[in-house]
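I set out to record how the secondary-structure elements of this model are arranged. My entries follow the order in which I looked things up.

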Amino acid sequence: MPAFQPTAAQFRAFRDDPHDGPVAQVNLLKFRIKAEYPPGDPEHGTDISGREAYARYSEAFSAAMEEVGGTTLLLGDTERYFIGGGDWDGVLVNQFPNRQAFIATLNHKDYKEMARHREAGLLCQELIVTRPTWAGGKKT
């Protein structure tokens, strides 16, 4: 079921998982047609798409995660479903050296500023955490 934020139980399970190696996160994204910045936000009333607003978030988040060794592997628009079907607008794949690096990015000093673009642009998402067995063309 698509959501916007993890539940408290999901966050605790992620945080407390004993796996200390790399994690990659596959995000299935559904954007708002038009970004919805709340009153008082500097962008309130601007005419930009949800996709554009989310791209602003993704760019800032990518820079913040690089500080802790993370990287964006892919941000792409959904072209079509080759197998199966769905209603997702985009896919984002981020990789972190460990789950603590992801949590550190969420606690970044600028996260609140960058997250306002996520909130304005994103309707819902699914985020799948993986433990890579292959990465960068090599077995891990």
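**Ground rules.** I worked from a predicted model, in which local features need pLDDT of at least 70 and side-chain atom pairs count only at pLDDT 80 or more, while totals for chains, interfaces and linings use all residues. Residues are numbered from 1 along each chain as its sequence is written, and side-chain values use heavy atoms, with hydrogens and water left out. I took helices (H or I, at least four residues) and strands (E, at least two) as DSSP runs, numbered from the N terminus.

I found an open sheet of four strands in the order 2-3-1-4, with antiparallel pairing; two strands pair if DSSP finds at least two bridges between them. Strand 2 (71–77) and strand 4 (122–130) are the edge strands, each pairing on one side only. From one strand to the next, the twist averages 15 degrees. I noted that angles run from 0 to 180 degrees between N-to-C directions, and that axes are lines fitted to C-alpha atoms, for helices over the stretch in contact.

**Strand 1.** I then followed strand 1 (residues 23–31), which pairs with strand 4 in the antiparallel sense over eight bridges. Lys-30 has Cys-124 of strand 4 as its bridge partner, and Gln-25 has Val-129 of strand 4. With strand 3 (residues 90–96), strand 1 forms an antiparallel pairing over seven bridges. In that strand, Val-91 stands opposite Leu-28. Is strand 1 mostly covered or mostly uncovered? I recorded it as mostly covered, with eight of its nine residues buried (buried means under 20% relative accessible area, exposed over 50%, partly exposed in between, with a 1.4 Å probe and protein chains only).

**Helix 2 with helix 4.** I next examined helix 2 (residues 50–66) and helix 4 (residues 111–121), whose axes come within 7 Å and cross at roughly 150 degrees. Helix 2 is therefore roughly antiparallel to helix 4 (angles under 35 degrees count as roughly parallel, over 145 as roughly antiparallel, 65 to 115 as roughly perpendicular and the rest as oblique). Their crossing is left-handed: the near helix is turned anticlockwise from the far one by less than a right angle, whereas clockwise would be right-handed.

**Helix 2 with helix 3.** Helix 3 (residues 99–106) packs with helix 2 at an angle of about 125 degrees, their axes 9 Å apart. The two helices are therefore oblique to each other. I noted a right-handed crossing for helix 2 and helix 3. Phe-61, Ala-64 and Met-65 of helix 2 meet Phe-102, Thr-105 and Leu-106 of helix 3. That contact has five nonpolar, one polar and no charged residues.

**Thr-78.** Finally, I located Thr-78 in the loop between strand 2 and strand 3. Thr-78 is partly exposed, with a relative accessible area of 28%. Leaving aside neighbours within four places in sequence, Thr-78 is in contact with Trp-88, Asp-89 and Gly-90. Between Thr-78 and Gln-95 I noted 17 residues in sequence and 20 Å in space, C-alpha to C-alpha.

Notes:
Contact = heavy atoms within 4.5 Å. Nonpolar A, V, L, I, M, F, W, Y, C, P; charged D, E, K, R; others polar.
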